[in-house]
Amino acid sequence: MEREPMRIREGYLVKKGSMFNTWKPMWVVLLEDGIEFYKRKADNSPKGMIPLKGSSINSPCQDFGKRMFVFKLTAAKQQDHFFQAAYLEERDAWVRDIKKAIHCIDGGQRFARKSTRRSIRLPETINLSALYLSMKDPEKGIKELKLEKDKKVFNHCFTGTSVIDWLVSSKSIRNRKEGLMLASSLLSEGYLQPAGDTSKAAAEGLSDTPFLDLSDAYYYFPDSGFFCEGNSSDDDVVLKEEFRGIVVKQGCLLKQGHRRKNWKVRKFVLREDPAYLHYYDPAGGEEPLGAIHLRGCVVTAVEDMPDTKKYDVDNILFEIITANEIHYYLQAASSAERTEWIKAIQAVSRTGK
């Protein structure tokens, strides 16, 4: 019986059409032998498939000046495929895994994450992939939280202590020392990611163990929608309590109008459950001027747009493409703020209703 190809990575990317210069969000699945892309995540049949054997990848791709974080995949038959990620780290992760998959298939090897069993003496009976799925179980797995440290808010993450507690309670280990070994392996294999300076320093070798059994060491699942907000304050907490539902992020952005294409300052409030980005008149008013439904949307950075100079708009832009393919263009005050908004919207689009 032939083994099904392993799913290496999957998620929404914006893909350029092969015949026309149109960019549309697609659910993209990287397999060991190819890339499948679907119109929607729930679809059973892909709209297309790109074989990886004999392919090459180019990143960063500068073929489209106003689109950032684009990479180009050239198939064996010299057909080019262009994909756009939401931010730099996401693009680099896709490119890294695609390069490795191409190298493996061209060399007749099987794709595998870097093994750490020998270095930490992990028993061969432990299945890290199965353990990872159990840890992510919505009912019995590790609970993802919103945690605050050093004036930063970490969303969809958990502490090192909670990981070891879960491993002990699930009888995956006999004691906390074994838990550190197992958690370090999960970290090294990419099943867990460090969040914050404390856990990152340990993962880089600045501690006795790569993984920390501490309540102030934060970690997250790589496909969980984790993002970090730069600052928080008591005023933010009070303000958030005045809204119904969970407010993830808020602030002022420039928004382009759909009819006149002019740009106006709007106050934006990002909520999850349901997943909406409401915008208000910054001068006041309790009723929103409009709302962008984020469930299933794709958000990407944009380098340049027509008429931005006419309206004195800086090119710190990003684009939201909704599930029904409505395009919204927004401008942040800085590149860092744009990245924060993109990551926050991306997370809400995955987890909200």
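Tutor: An axis is a line fitted to C-alpha atoms, for helices over the stretch in contact, and angles between N-to-C directions run from 0 to 180 degrees. Helices (H or I, at least four residues) and strands (E, at least two) are DSSP runs, numbered from the N terminus. This is a predicted model, in which local features need pLDDT of at least 70, side-chain atom pairs count only at pLDDT 80 or more, and totals for chains, interfaces and linings use all residues. Residues are numbered from 1 along each chain as its sequence is written, and side-chain values use heavy atoms, leaving out hydrogens and water.

Student: At what angle do the axes of H3 and H4 cross?

Tutor: At roughly 105°, with the axes of H3 (residues 128–135) and H4 (residues 160–169) coming within 12 Å.

Student: Why is H3 called roughly perpendicular to H4?

Tutor: Angles of 65 to 115 degrees count as roughly perpendicular, under 35 as roughly parallel, over 145 as roughly antiparallel and the rest as oblique. The crossing is at roughly 105°, so H3 is roughly perpendicular to H4.

Student: Which residues make the contact?

Tutor: H3 supplies Leu131, Ser134 and Met135, while H4 supplies Val163, Trp166 and Leu167. Contact means heavy atoms within 4.5 Å.

Student: How do these residues divide by class?

Tutor: The contact of H3 with H4 has five nonpolar, one polar and no charged residues. Ala, Val, Leu, Ile, Met, Phe, Trp, Tyr, Cys and Pro count as nonpolar, Asp, Glu, Lys and Arg as charged, and the others, Gly among them, as polar.

Student: Turn to the sheets. In what order do the strands from E13 to E19 lie?

Tutor: The order is E16-E15-E14-E13-E19-E18-E17, an open sheet of seven strands with antiparallel pairing.

Student: What makes E16 and E17 edge strands?

Tutor: Strand E16 (290–293) and strand E17 (298–302) each pair on one side only. Neighbouring strands of this sheet are turned by 35° against each other on average, direction ignored.

Student: How do you know that E18 and E19 pair?

Tutor: Two strands pair if DSSP finds at least two bridges between them. Five bridges join E18 (residues 317–321) to E19 (residues 327–331), which run antiparallel.

Student: What makes E17 largely enclosed by the rest of the structure?

Tutor: Buried means under 20% relative accessible area, exposed over 50%, partly exposed in between (1.4 Å probe, protein chains only). Five of the five residues of E17 are buried, so E17 is largely enclosed. Val298, Thr300 and Val302 cover one side, Val299 and Ala301 the other, and all are buried.

Student: How do you know that E17 pairs with E18?

Tutor: E17 and E18 share five bridges in the antiparallel sense. Thr300 has Glu319 of E18 as its bridge partner.

Student: Why is Ala347 called buried?

Tutor: Ala347 has 1% relative accessibility, so it counts as buried. Ala347 is found in helix H8. Its C-alpha atom is separated by 9.2 Å from that of Glu272, 75 residues apart along the chain.

Student: What is omega for the peptide bond joining Ser59 and Pro60?

Tutor: Omega is about 0°, and the bond is cis. Pro60 is found in the loop between E5 (56–58) and E6 (70–74).

Student: In what order do the strands from E1 to E7 lie?

Tutor: They form an open, antiparallel sheet of seven strands, E4-E3-E2-E1-E7-E6-E5. E4 (48–51) and E5 are its edge strands, each pairing on one side only. Three bridges join E5 to E6, which run antiparallel. In E6, Leu73 is the bridge partner of Ile57. Helix H1 (residues 88–106) lies across E1 (7–16), E2 (23–31), E3 (34–38), E5 and E6, at about 120° to E1.
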